[in-house]
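Here are a few notes to read alongside the structure.

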Amino acid sequence: MLIPHPLLGLRDSQEFTYLGDASLMNRPDPASPSAEAEFCDYVFLRDNPAGVHRELWFHEQGDRSWLVVTRNTLTHEILGAELARTLPVRGAE
Amino acid sequence: MTDLIPLTALGATDLRSERLGALTIAEDDSYGLASLTLRKGQNAPTPFGLILPAAGFAAQSGRTSAIWTGPDQWLVLGNGQGQTDFAAQVLAQTPNTSVTEQTDGFVCFEIRSDAGGPPIAALMSKLVNLPPETYATGRATRTGLDHMTVFLYRREEGHLSVLGLRSYAGSLWHALATAAERLAQAA
Amino acid sequence: MTRLNGGLIDRTTPLSFSFNGKSYQGFKGDTLASALLANGVQLVGRSFKYHRPRGIFTSGSEEPNALVTLHNGARSEPNTRATVTELFDGLQATSQNHIGPLERDLLAINDRLAPLFAAGFYYKTFMWPRAFWEKLYEPLIRKAAGLGALSTLPDPATYDKGFLHCDLLVIGGGAAGLVAALTAGRAGASVILADEDFRFGGRLLAESDLLDDSWPSEWVDRTCAELASLPNVRLMPRTTVFGTYDHGIFGAVERVSDHLPPSDEAVRQTLWRITAKRSVLATGAIERHIPFQDNDRPGIMLAGAIRAYVNRWASAPTRNADDPVAIFTNGDDGHRTALDLLGKGVPVLGVIDTRPDAPVFGRYKVFAGATVTGTKGRLGLQAIQIRQNGQATWLEAGALGVAGGWNPNVHLASHHRGRPVWDEGRLAFLPPSDGPKGMFPAGAAAGNGATGVAFADGMRAAQQALTELGMTARNIPLPHVTDTPNAQAPYWHVPTTKRAWVDFQNDVTVKDIALAHKENMRPVEHLKRWTTLGMATDQGKTANISALAVMAELTGATIPETGTTIFRPPYTGVTLSVLGGGDTGRHFRPYRLTPTHAWAKAQGATFTEVGPWMRAQYFPRDGESHWRQTVDREVQSVRKDAGLCDVTTLGKIDVQGPDAAEFLNRIYANTMATLKVGMVRYGLMLREDGHLFDDGTCARLAEDHFVVTTTTANAGAVYRHLEFAHQCLWPDLDVQMISTTDAWAQIAVAGPKSRQLLQRIVDSFDLSNEAFPFMACAALSVCGGLRARLFRISFSGELAYEIAVPARYGHALIERLMTLGADLGVTPYGTEALAVLRIEKGHAAGAELNGQTTAQMLGLGKMVSAKKDSIGAVMSRREGLAQDGRHLVGLLPLEPQSQIPAGSHLFTRGVAQTMQTDQGWVTSSCYSPHVGSYIALGYLENGHDRLGEVITAANPLEGQSFVAKVVSAHLVDPEGGRLRD
């Protein structure tokens, strides 16, 4: 596969390390009264969609950016890639 | 000045150099290396008069050059500064940034061609999975080479610097020399 | 000899070769198959199942029959298709799959037993008794299966790999491919033209139609010369594109020197990974045959292959020059072969055309509305039976060409699951419309096989592909060609009650398909499994569509309703060695050397692999006959005097920035923000699930500058984790990090005399306990001005330091320390002693941090701060983890000289050993010279409350059981006084 790196253009996926579901960016609020349950969801439960999926890729043999890649898991079509650091943090601070 | 005698990354007292067909591969330990990362909100400084390059590119000014290594991050190379505290010099030029000494973090192999760009392109096509424009003259990039991570910095049409982790120097040399040797043999 | 005039062979370069030990002669430009045919050799092998005599059937990579073994010994290459083996001087080939001579194969008995081997016989025959499977059936089947045999010796050949990028990859260099490449090449696009053949031209080389007024090969040569002159075009003959992968990535194998005598130096094959923005699929078409009774004899071939042998290689398909050749066809294409044979002076028996209104194009006999219904000739065709108007006649024939139509070669277009589409007009499956993105089928591969049409189609495909890239490709002048008639009628097989082969390689007959139908194995996938149709090296390239047609006839459905199979890589077989990329032995993977490697080697050290690193394992001295002697000595030296160990391999991450302290506070389970400048703290990193991830030290060099060390194994993972935490979780923190592992040579100086030793190299630096206490760190200079970093940390439990200098000085530093410390008894130690020292001290390492353990288990539960958030903090408080009663303890076997293997399970003494009574496990184990006994570490249920208890450690895999006393994990200096002195 080729990953469209927002800064470096198309790069072979072999340069990257795959992590998984981009929901890992939504770390729960550790101070929440139900923090333990929320962390359980966060750590253990993932959607596994047959279709469009947002996922984290690390440009290990490149600029060390974490990317959020939107990929169709059925066709491997890549609909976009963004630098994770530029995305709004949706988890609580 | 210390009286300790340094060893090259390939574990010898002398730098290794080998001519293979149209290419010469030579270990070069003369560079001082430091990585420079901006802190939040900082504007890019101009260390040693360098205009720090954009993603995928390199810049040179006098004996100093820099290659882009990541967002707001560069590797600064000081020719002839291999035995000095180059990171301190870079920091002096770029106060309040984050500077890290990398002089011995990387081994530098200089690949020179006496037939212009094609032999270098042929060599790289055996080693890195990149379209040639990503390592055209004036460009620099990091990529994988035989499962190792390297920086490629094309200084001139017939001159490419390959920087790899120092501990991998032997394996990197093997990869470069084997590929060059096969090209020479096929020519 | 049946060599004809003309052809594209170089008669000035004769080549000698041998087949089954007999010498023959061919010419440069021959394939093994064309040279054998020119020598009158028709019989080249035995079939897989029935051991029927078989000959050359095709002229390309689709060959099902003519599989031979090339070379011998370690270089022997079984199942090589003679049809694509380029002849070279000295080539040695042998036939396969027979016992005794090829002409009198003892296993031909299988042919008599044919009824036993009908479709599904594996499933029916070897079912019971069950016990027979492993002992009898499987070994028997394995022995009988396969065609050629592997040498089982290491492959001495050299392989290579590489990567190519282009705008347009043209796959196949026939009429359409050459025009596509030239169209795009002239437009300035970067083009790769790959063809599996050693000569470009495809079917153009096999046909005799003039292009403009010249021979096809002349036009091909001119075109190739222009392509070669374009710097933006790369010509890759002998290169098979075998797989279509995602986003325009293709796998290809270039046979670099398979056409030359074998050599140890020359690269044999190169694996190319080609990334193409667009591709043109110009892979041509593969001819199909028409099954009829006894249609598998040597001398029966595809009619198009006969044309190729006659026109390109000047080889007649018969054993003797005056043997007549017959053609059996359902269309006009078969007639072309008759005309070309006549043109070369080969006697033609006639064309047997299934069409009642068969045309006549020349001076040869046509049997209209006729079929072939039988053949004779045990080792080569002698006669055929022609049935016409209800009359059967036997006529002598030395060869028979069969023309059943052409199947577009859609293989690479359906590697992404796209299903080929039936075209009733062309009687063929065409490439799917939902094939790989960016791929443009053209020419015969797209069903547009007539030469003139293929030229235009190739140009159209290249223009469309380039338009998508924003480039413009002008029309190029195409050669004029008079297209030959190519009408055909659907006619799929000649009915018979005897055997008519559909798939030659797997010995699948029309009867087998009928049986599969009867047994309800009707979907194509079931048909394939039940009959083995389309399996093995040729993957049914000449069989699949004919089989579908037969099944369609049986079910009464249409061919598209019956379905078709899709394909997966590789298109043709790929050598496993070339997929390996060529690096073997010491260079199988790259490896890392420490800065003191050369020194350690000179000391005679033994090395061990630690991840990619080579580390000194121990340093034997003269007179030491066992590694334990060496390691015991090294351990004792550290405990008594001083030792040196290269610890460069530990990961070092430079963390800087105003928020560095806050960031590390969130990374480490324990507090880091309070660490004073000039001090080091041991830290635990958890995974977000609360388990231990990694441990190491964190040194604060300045308010905004830390150095984090990681374990050797996790250096990469921890760095990735830190970048994740920063970029994905807390991008607002102003923190910068970079790996700096290789920049510094780091040497542990451990032992009671380490301070004394270091004092001799530091440049006026006060190492006293007051000035530089336990867990202090500093930047300083050593040996007359060399910048260095010093950390007072200890893994061994002794007074110890780690000193870091620029890596290039690591070698000189350890030499200096050895010289200056000679009177102190300084000794180098390796990873074995390092491990013994830390086990004695009860320090955790990889075996204790195995991904299933917690800080609590390690006895460090209190380190996980409850006052702040950090990764893993919330989950570490989960009931199951927080209440985990297993603790790290030390174990002393009551029998001091018996070693409890790591991995042994712990049980209360005297209790039955079951899953339910399992109390924990042994993590690390070694001989401790300090204790004078074997010792071990392990996690034990309520371990902290069981000190002194005698328990059982069991290793049921080896039937071993040990009794051991539970002790503190810290067998050396449990109070830690030595560290702090």
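1. In chain C, 56% of the 981 residues count as buried, meaning that 20 or more other C-beta atoms lie within 10 Å of a residue's own; 12 or fewer makes a residue exposed, anything in between is partly exposed, and the C-beta atoms are placed from the backbone.

2. A word on what you're looking at: this is a predicted model, where local features need pLDDT of at least 70 and side-chain atom pairs pLDDT 80 or more, while totals for chains, interfaces and linings use all residues. Residues are numbered from 1 along each chain as its sequence is written, and chains are lettered from A and ligands numbered from 1 in the order in which they are written.

3. How does chain C look overall? Its C-alpha trace spans about 115 × 70 × 55 Å along the principal axes.

4. Chain C holds 24 helices and 48 strands, which are DSSP runs numbered from the N terminus (helices: H or I, at least four residues; strands: E, at least two). Of the contacts in chain C with a separation of 6 or more, 66% link residues 24 or more positions apart; a contact here is two C-beta atoms, placed from the backbone, within 7 Å.

5. Have a look at strand 32 (residues 643-646) of chain C, which is covered on both faces: G643(C) and C645(C) are buried on one side, L644(C) and D646(C) on the other. Strand 32 of chain C runs antiparallel to strand 38 (residues 744-750) of chain C, joined by four bridges, with C645(C) opposite A748(C). With strand 42 (residues 827-828) of chain C, strand 32 pairs in the parallel sense over two bridges, and G643(C) stands opposite T827(C). Pairing requires at least two DSSP bridges between the strands.

6. Why is helix 17 (residues 660-667) of chain C largely enclosed by the rest of the structure? Because seven of its eight residues are buried, among them F663(C), L664(C) and I667(C). The buried residues of helix 17 of chain C pack against several elements of chain C, including strand 33 (651-656) and helix 18 (715-729).

7. Finally, the contact between chains B and C takes 38 residues from chain B and 40 residues from chain C. On the chain B side, helix 3 of chain B gives the largest share, five residues.
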